[in-house]
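Please walk through the structure below with the text alongside.

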Amino acid sequence: MTTVHTEPSTERVPGRSWTVRIVGHGRTSASVTCSTAACRMPARSENLAALRAFAARHAAAHAKAATVRPNAWCHCGSQRCGAHPDTKTHCAGAVLMILRHDPVMRRVWSVEEVCETCAPLIPNATVLARAERPRRTPDRPTTQAPAPVRPVVAGSFSSPAAPGAGDATPVRRSRRSSQRSRPRRSGQGR
């Protein structure tokens with residue numbers, strides 16, 4: 001018999017990346033490519049504005065379809081942080097989904113799973129989503145039943161619970177309160 005593990009894996013997996021690129025063919029035409037081979041791309045065209053719009057929508061579709069995995073390694077870190085070579089850091093923190101697009105070059109869109117330490121260091125990156133924190137499933141319930149109330153006996157000792165004794169909660173009084181409640185005898189003055 002085979003059993004299926006239903007809890008999310010805590011094993012680290014490589015961060016994913018999708019790259020959508022406009023590739024020029026001479027001076028008059030271009031095409032769009034995607035790093036995912038199964039994606040269907042439009043035919044080679046001379047309408048560069050239409051290809052840019054398609055590439056942006058395609059990158060956004062990858063980001064929308066992907067769920068950020070909390071157990072993913074930083075994709076930037078797996079590339080030796082080549083996206084921010086001037087600032088060295090150690091990958092840490094929650095996993096984020098970012099979109100990188102250089103508005104000057106306007107030819108490459110990258111959607112990547114990176115750590116929250118690298119994300120602000122990557123130029124032209126926009127955070128799209130954050131991984132959900134994994135829900136902890138304790139081995140035993142977190143709420144515990146309250147201990148049974150035992151009658152209190154003078155001298156800070158407690159007696160074992162007797163049948164029916166847990167129904168009434170004992171009331172403790174301090175010595176001062178009992179002295180104040182006594183009526184004063186006549187003839188005693190303050």
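Is Asn124 buried, partly exposed or exposed, by its relative accessible area? Asn124 is partly exposed, with a relative accessible area of 38%; buried means under 20%, exposed over 50%, and partly exposed in between, for a 1.4 Å probe and protein chains only. This is a predicted model, in which local features need pLDDT of at least 70 and side-chain atom pairs count only at pLDDT 80 or more, while totals for chains, interfaces and linings use all residues. Residues are numbered from 1 along each chain as its sequence is written, and side-chain values use heavy atoms, with hydrogens and water left out.

Asn124 lies in the loop between E4 and E5. Its phi is positive, about 60 degrees, although Asn124 is not a glycine. Strands such as these are DSSP runs (E, at least two residues), as are helices (H or I, at least four residues), and both are numbered from the N terminus. Arg106 also has a positive phi, near 55 degrees, and is a residue other than glycine. Arg106 sits in the loop between E3 and E4, and the hairpin of these two strands has six residues between them. With 39% relative accessibility, Arg106 counts as partly exposed.

Strand E3 can be followed to its partners on both sides. Seven bridges join E3 (residues 95-101) to E4 (residues 108-115), and the two run antiparallel. Within this pairing, Ile98 has Glu112 of E4 as its bridge partner, and Leu99 has Val111 of E4. E3 and E5 are also antiparallel and pair over five bridges. In E5, the residue opposite Ile98 is Val127.

Next come the charged side chains. Side chains of opposite charge can pair when their charged atoms come close. How many salt bridges does the structure hold? There are four salt bridges, each one a side-chain nitrogen of Lys or Arg within 4 Å of a carboxyl oxygen of Asp or Glu. In one of them, Arg16 pairs with Glu113, and the closest N and O atoms are 3.0 Å apart. This pair links distant parts of the chain, 97 residues apart: Arg16 is in the segment before strand E1 (17-25), and Glu113 is in strand E4. Glu113 also forms a salt bridge with Arg69, with the closest N and O atoms 2.7 Å apart. Here the partners are 44 residues apart, Arg69 being in the loop between helix H1 (48-65) and helix H2 (75-78). Within it, Glu113 counts as buried at 0% relative accessibility, whereas Arg16 is partly exposed at 25% and Arg69 is partly exposed at 23%.

Another salt bridge joins Glu116 to Arg130, with the closest N and O atoms 2.9 Å apart. Glu116 is in the loop between E4 and E5, and Arg130 is in strand E5, 14 residues away. At 34% relative accessibility, Glu116 counts as partly exposed.

Arg12 makes a contact of another kind. The charged end of Arg12 sits over the ring of Trp73, 4.5 Å from the ring centre; the criterion is NZ of Lys or CZ of Arg within 6 Å of the ring centre and within 35 degrees of the ring normal.

The cysteines remain. A disulfide is a covalent bond between the sulfur atoms of two cysteines. Cys74 is in no disulfide either, and the nearest cysteine sulfur, that of Cys115, is 3.8 Å away. Cys39 is partly exposed at 21% relative accessibility, whereas Cys74 is buried at 7%. Across the whole structure, the search finds zero disulfides.

Technical notes:
Two strands pair if DSSP finds at least two bridges between them. A disulfide is a pair of cysteine sulfur atoms within 2.5 Å.
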